[in-house]
Amino acid sequence: MAWTEERVERLQQLWEAGVGTAEIGERLGMTKNAIIGKAHRIGLKPRRASPKRSRAQLVRLNGMTCQWPFGEPGKPDFHFCGKQIINGKSYCAEHYARAYIRVNVPDHDKADAA
């Protein structure tokens, strides 16, 4: 795909708005690498790399803390709940109750199922 004036303008708008390069590529019908290359060639301000997760942040996901996600993966504010889990489950009591809905089956249906 060719870089039209409209595409370059849209790239600049999305870049300044902080939209990720892969997302810009999807919106413009181009690859992430094409976006990065064009941004470099037209002199858009370089972006800081996303901060690496510290070892302390990663250790929290050791199977003993709630793994209920908050935010969008890949974004800087993405994180997990981190509260203590219910034994043998992946979530704390609050998120377990939200994730699993108990279905009540009437007694007469239980007999038919047997």
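The largest nonpolar core in this predicted model has 10 residues: L11, L14, W15, V19, I24, L28, M30, I35, A39 and L44. Three helices, α1 (5-16), α2 (21-28) and α3 (32-41), each put in at least two residues. Of these, α1 gives the most, with 3 residues.

Skipping its neighbours within four places in sequence, I24 is in contact with L11, L14, W15, V19, I35 and R47. Apart from this core there's another one, of 6 residues, including C66, W68, Y91 and C92. We'll come back to that part of the chain in a moment.

First, a look at α3. Its buried residues are I35, G37, K38 and A39, and two of the names, I35 and A39, also turn up in the list for the largest core. So what do the buried residues of α3 pack against? They pack against α1 and α2.

Now over to H95, which sits in helix α5 (residues 93-99). Is H95 buried or exposed? It counts as buried, because its relative accessibility is 2%, and the cut-off for buried is under 20%. As for its surroundings, leaving out neighbours within four places in sequence, H95 is in contact with C66, W68, F70 and C81.

Conventions. Residues are numbered from 1 along each chain as its sequence is written. This is a predicted model: local features need pLDDT of at least 70, side-chain atom pairs count only at pLDDT 80 or more; totals for chains, interfaces and linings use all residues. Side-chain values use heavy atoms; hydrogens and water are left out. Helices (H or I, at least four residues) and strands (E, at least two) are DSSP runs, numbered from the N terminus. Buried means under 20% relative accessible area, exposed over 50%, partly exposed in between (1.4 Å probe, protein chains only). Contact means heavy atoms within 4.5 Å. A nonpolar core is a set of buried Ala, Val, Leu, Ile, Met, Phe, Trp, Tyr and Cys residues joined through side-chain atoms within 4.5 Å.
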